[in-house]
Structures are given as C-alpha cells and as structure tokens.
Amino acid sequence: MLIGTAGHIDHGKTTLLRALTGIDTTHLPEEKARGITIELGYAFAPLDEAAGVDAARTLAFIDVPGHERFIPTMLMGASGIDFALLVVAADDGVMPQTREHLAILHLLGIARGAVALTKCDRVPPARVAEVDADIAALLAPTSLAGSPVFAVSALSGEGIEPLREHLRAVAREESMQPADAGFRLVVDRRFALAGAGTIVTGTVHAGTVRSGDTVLLARADGLRRALRVRGLRVNGRISESGSQGSRCAVNLAGIDYGEVERGDWLLTPQAARATDRIDLRLQLLPDAPRKLGQWSSVTLHHAGGHAMARLALLDEALEAGGLAPGASGLVQAVCDRPLFACCGDRIVIRDAAGSNTLGGGRVLDPFPPARHRRRPERLAMLAVLETPEPAARLVALLECAPLGLDPEELAIAHNLPGARIRELLPDARHVATKAGGRIFSHAAWGALGESVLARLAAHHEHFADEPGVERERLRRMCAPQLPSAVFLSRLEALLDDGRLVRMGSYWHMPTHTVELGTADRERADAMLAHLLAGEYDPPWVRDLAALCALEEGATRSLLRRVAMRGEIFQVVRDLFYPCVTVARLSAIATELAAANEGRIRAADFRDRIGGGRKRAIQILEFFDRVGFTRRVGAGHRLAHVLRGEPPAWGEN
C-alpha cells in the first residue's frame with residue numbers, strides 16, 4: 001500500500017515518517033539546511049515480520065512538500081497514492097495548505113486516509129480536543145470524511161504505535177489490483193549508479209512491469225524510446241515485478257540517465273499515444289473565486305506533468321454563463337502540450353498563474369472530436385463514459401456508437417489490451433482489416449447494412465438508368481466517417497448474404513435490373529455493332545449518337561442501361577467497351593504480365609492495342625477499379641497473382 005503525506009509546511013510530516021519508519025526522507029542539502037521538504041521523499045517499512053523479503057508486504061510512504069510554492073511537486077506525489085495521511089500540528093491547527101492539500105486529495109478521488117494530529121506534547125489536552133473538532137468539520141464535506149484522528153508526538157513517541165498498527169491493519173486488508181491494464185509509470189527521479197547504469201523511479205499508475213520487459217520511454221515532445229528493463233526494486237526491495245500502487249526503481253538498459261527527464265512516462269509500447277484535447281467531468285471547489293466561463297484559461301495538472309489549457313463548456317453550464325463554484329460540468333480541455341491520459345485518470349486544475357486550486361475531475365475521453373462536441377449524441381456518449389465499471393462502460397459505449405469503435409483507440413483510451421477488450425465485449429462484431437479494424441454492436445452492424453440498402457434503393461429509384469453506385473461514392477452517401485476498408489467489409493457481408501450485387505466497380509440491389517423494350521433493343525444492337533467495329537478505340541457517346549441519329553442524352557441513358565445488363569462496360573465517362581472487347585484486352589494484359597515478370601507497363605499495353613498512351617492508361621485504370629489489376633509502383637500487376645488466387649475475371 002502506498003501512503004502519501006499531506007499538510008501545511010512545518011507541521012511535522014517528515015519527522016512523523018522518521019518516527020514511523022526510521023528513515024529520513026530529506027536528501028537535498030538545502031532541505032537539511034532549511035528544515036523543509038522541497039522534493040518528494042520516500043520511506044519504506046515492513047508490514048509484518050514476514051515482510052522482510054517480500055516487497056508486496058511493505059508499507060511505502062511518499063513525503064510531499066507543504067509549502068504553497070511546491071504544490072505541483074505535491075500533486076506529482078499524491079497522484080498515485082492509495083491512502084492519505086493528513087498531518088495537522090496541534091499548536092497551529094488547520095492552516096491554508098492543510099485546506100488546499102485536503103482539497104487536492106478530494107479532487108484526486110482519494111477516499112481512504114487517516115489524520116495525524118502532531119506536536120500534541122506542546123499543547124494542553126483542551127487544545128488537542130479543539131483541533132480534533134476542527135479537523136472533523138474540515139473533513140466532513142470531503143472524500144476523507146470520518147477518517148480516524150491519531151494524536152501523536154513524533155519526539156516522545158506518544159501515539160506513534162497506534163497509528164502504525166492502524167496503517168498495517170489497513171494494508172493487510174488491501175486487495176491486489178487487477179493486472180490486466182497496460183503498464184504506466186511517470187518518472188519523478190532519475191540518476192545513475194556505478195555498475196548498474198540508468199535508474200528511474202516513480203509510482204506505478206497501472207499494470208505490471210517485470211524484469212526483462214521492453215517498455216517505452218515517452219515524452220510529450222514526441223520522444224519514443226523502446227528500452228529493456230534490467231532489474232527492479234519495488235518498495236525499496238529487489239523484486240521481479242511491480243504492480244499498480246507500488247513504488248518502483250527501474251534499471252533501464254540502452255539509455256543515459258541524462259536523456260531522461262522528470263515527468264517522462266514508462267509505458268506498455270502499445271499505449272504511447274499523447275493527446276492535447278481531453279473531455280472530462282469537472283468539479284469546482286465551493287470556495288473557487290469565480291465562475292469559469294467559456295474558454296477560460298487554467299493550469300491543468302495530470303500525474304507528473306501539467307499544461308496550460310482552455311476549457312470549452314459542453315453542457316448546461318454554457319447556457320448558465322459559466323461553471324459556478326461548487327458546481328460540476330462536462331468540459332473539453334484544449335492543452336498547449338500533449339499529455340498521456342487515459343479514461344478514469346484524475347486531474348486537478350489551478351488558475352492560469354498556478355497560484356490557486358480551482359477544482360478537478362475525471363478524464364472521460366482522451367481522444368475527443370474537435371468539432372460537434374456538444375451534439376446530443378456526443379453528450380450521451382460522455383454520459384456513458386462516466387460509468388465506473390469497465391465492462392459495463394464498454395458495453396454501453398458500444399451500444400451508442402452507430403459507426404462502431406476503433407479497437408486500437410479504445411484499447412489506448414481505456415488502457416486495456418486488445419485481448420481484454422474482446423473478453424469484455426464477447427458479443428460484439430469485430431471487423432479486422434489491414435489498415436485497422438472496427439468493433440460494432442450487432443444492432444449497429446445491422447443498422448449500417450440497412451442504411452446501405454435504403455440509400456441504394458433510393459438511388460435506383462431516382463437514377464434508374466445507372467448501373468449502381470461505386471464503393472467510395474456509396475461510403476460518402478452512407479457513412480463518410482467510416483474507414484474505407486471497414487465499409488467494404490460491410491458491403492461484402494451483404495454480398496455474401498445475397499442482399500447486394502456487385503457488377504464491376506458498381507454495387508446495386510439484386511432487384512435492380514433493366515429490361516429493354518423492342519425499340520430500345522434495336523437501338524442498343526445498333527450501338528453494340530458500332531462499338532464492336534471500333535475494337536480497341538470505340539466511338540465516344542457523342543459520336544455514337546451521331547452514327548445512330550439519336551440525341552446525346554438518350555444515347556448515354558441507353559448505354560448505361562445496357563451496361564447494367566452486363567453487355568458492356570463503362571471504362572470512363574462517355575466511353576463504353578463491349579464485353580468481348582474487354583475480354584480481349586484482359587487477355588493482352590495477362591500476356592504482358594507473363595512476359596514481363598508480372599508487370600504491365602502502360603507503354604507496352606499501348607503498343608499492343610495500337611492507340612495513344614492516354615487510352616492505354618484509361619483502360620488499365622479501369623482494370624484497377626474492377627479489381628482485375630492493381631497499381632504497384634509505376635506499373636500494374638494482376639490482382640489475383642498478388643493475392644495468390646486463380647484468375648477472377650471469369651466470363652467477363
């Protein structure tokens with residue numbers, strides 16, 4: 001269990017830890033000379049007699065500075081603790097930093113703690129009782145309400161043993177944290193040891209790290225370094241692994257300690273994605289000096305770092321003219337530097353000057369949209385993200401995502417491995433593509449298919465002479481935000497179910513067919529004769545209209561209907577080729593590929609068909625569109641060869 005001190009300067013935090021553990025947590029000459037804590041200090045004590053060889057059975061303490069100038073340092077130390085030890089001197093009583101530190105603990109969601117009422121040997125019993133009552137009133141509206149108060153004297157030893165036994169009892173009841181999250185540790189110290197190399201220390205915020213693991217050193221400025229873990233000390237003892245809530249000293253191979261900075265992160269490699277925009281639930285303190293209006297500037301503290309941020313109000317606080325003291329609201333924080341945040345992380349905001357704590361909250365979405373952030377469906381999604389239990393949160397989140405969720409982004413945002421997400425969403429539809437995947441609820445997957453069919457039916461009704469809709473155009477009509485490969489997977493599923501038909505590069509409903517009347521059939525046969533006579537250079541629509549004594553618009557419309565029947569192909573706008581001619585062209589392409597190590601060059605194709613280079617390129621690009629060939633570098637290759645499949649052109 002990791003215990004963090006809190007309290008006003010000179011109330012005896014460091015002296016108390018020395019009495020509890022026998023360790024002096026100050027290590028800087030300036031700290032010893034001035035008698036105050038400036039940097040974070042650490043101390044460890046065995047939980048019981050058997051803990052001498054077990055790092056997991058150890059009480060770990062973080063000593064934080066009490067001076068108001070060092071609040072950012074206090075925040076770094078407090079962000080990873082499990083239990084708060086609030087220290088109040090009996091002679092001074094409750095002081096300004098007592099209140100501010102308590103407010104920070106409350107905003108960080110720390111709900112377990114105790115109070116050490118120090119220096120009781122300096123005051124009469126009546127003063128101890130008075131301060132005890134003040135503390136109870138101070139704690140009442142916070143997450144630490146009802147925490148026990150221990151009257152102690154670190155110098156005489158009075159009350160130290162009952163406090164120590166209470167901390168041990170709480171630690172014995174501590175349950176192991178789940179180990180299915182990705183590893184996250186923020187660096188608060190770095191140094192080098194002779195014979196060992198670079199050592200970094202920090203509190204494990206999530207997951208587990210083991211000797212021999214590869215971790216990623218990540219920094220907001222874009223630094224990414226994959227490093228091997230040589231060894232670990234956990235809670236002051238050599239160990240093979242360290243988990244959430246542990247103090248870890250990590251021996252890193254492959255980097256000089258001077259290259260590491262305070263505030264850097266050690267992460268599971270897959271989790272290293274920074275963000276400069278965060279949606280969160282923000283709670284202002286009741287004694288905040290003013291409302292926070294739209295685009296207020298604040299200092300946002302997260303784990304071991306901070307950033308200047310501007311707050312966009314998302315809910316009713318915007319209509320009310322701002323977020324009032326004591327009120328809670330949804331906001332989007334737009335930061336001036338990236339942070340490594342995950343859903344559920346706690347943040348604290350202070351004013352732009354960094355002198356007053358204003359409030360804090362919980363990260364809901366570390367990768368929110370920059371536009372349409374106040375739409376009802378977006379606010380509904382944020383409401384779902386406030387669900388504390390991961391399984392229920394992910395299920396509900398998937399249900400309100402009509403276009404599914406990006407599994408990679410989901411894993412990073414919630415700090416869960418992909419395999420764990422599959423366990424938590426066993427009934428979801430997982431679509432995998434080379435460019436990434438998507439997870440859909442069955443309802444969303446079905447609704448997407450129905451949307452595609454409805455849009456196609458409407459298109460057929462208004463444009464009966466068109467053979468169908470090309471894939472990318474259909475995606476823009478139905479789901480423009482959906483990745484192209486995922487949309488293709490949905491179309492192919494409808495194709496497999498027999499609810500959709502593909503003809504070349506066009507998709508259409510199975511019932512969308514074209515029947516030609518007697519007059520149109522005669523005109524079509526005449527056009528086909530001219531197209532066949534033109535071989536590899538058939539007449540354009542305008543020339544065909546002149547040859548058949550028809551209007552250009554009527555000619556174009558009839559040719560499209562003939563194309564829908566599969567008798568001709570539209571290679572480019574207003575240029576159609578009969579199926580027989582296309583089959584000959586495909587044979588030429590196949591011969592060229594066989595003679596040139598699988599490659600089809602436009603110049604060679606041009607020479608074989610006896611036309612211009614532009615026409616050759618138009619035909620080859622048509623083959624690319626229908627999937628017969630694929631553009632590779634400066635040439636084209638047969639698609640079925642690249643896929644290792646038999647030819648797919650078939651009877652076409």
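**View 1. Asp188 and its contacts.** Skipping its neighbours within four places in sequence, Asp188 is in contact (heavy atoms within 4.5 Å) with Leu40, Tyr42, Met76, Thr201, Gly202, Thr203, Arg247 and Arg262. This is a predicted model, where local features need pLDDT of at least 70 and side-chain atom pairs count only at pLDDT 80 or more, while totals for chains, interfaces and linings use all residues. Residues are numbered from 1 along each chain as its sequence is written, and side-chain values use heavy atoms, with hydrogens and water left out. Asp188 sits in strand β7, residues 184-193; helices (H or I, at least four residues) and strands (E, at least two) are DSSP runs, numbered from the N terminus.

**View 2. The Asp188 side chain.** Is Asp188 buried or exposed? It counts as buried because its relative accessibility is 8%, the cut-off being under 20% relative accessible area with a 1.4 Å probe and protein chains only. Its side chain makes a polar contact with the side chain of Thr201 at 2.9 Å (a pair of N or O atoms within 3.5 Å, one able to donate a hydrogen and the other to accept it).

**View 3. The second largest cavity.** This one holds about 30 Å³ of space. Here a cavity is a set of points on a 1 Å grid over the protein atoms alone where a 1.4 Å probe fits but cannot get out, and lining residues have an atom within 4 Å of a point. A volume is the space filled by probe spheres set on the points, which are joined across faces, edges and corners. Asp188 turns up again in the lining, along with Leu40, Tyr42, Ile62, Met76, Gly77, Val186, Thr203 and Arg247. Both α3 (71-78) and β7 supply at least two of the lining residues.

**View 4. The largest cavity.** The model has two cavities of 30 Å³ or more, and the largest has a volume of about 90 Å³. Of its 12 lining residues, Met503, Tyr506, Phe569, Gln570 and Phe622 are the closest to the centre. Elements giving two or more residues to this lining are β27 (568-572) and α20 (613-626).

**View 5. A three-stranded open sheet.** The strand order is β24-β26-β25, with antiparallel pairing; two strands pair if DSSP finds at least two bridges between them. β24 (469-470) and β25 (501-503) stand at the edges with a single partner strand each, so one side of each has no neighbour in the sheet. β25 pairs with β26 (residues 506-508) over three bridges, and Val501 stands opposite His508 in β26.

Key. Buried means under 20% relative accessible area, exposed over 50%, partly exposed in between (1.4 Å probe, protein chains only). On a 1 Å grid over the protein atoms alone, a cavity is a set of points where a 1.4 Å probe fits but cannot get out, and a pocket is an open set with protein on both sides within 12 Å along at least five of seven lines; lining residues have an atom within 4 Å of a point.
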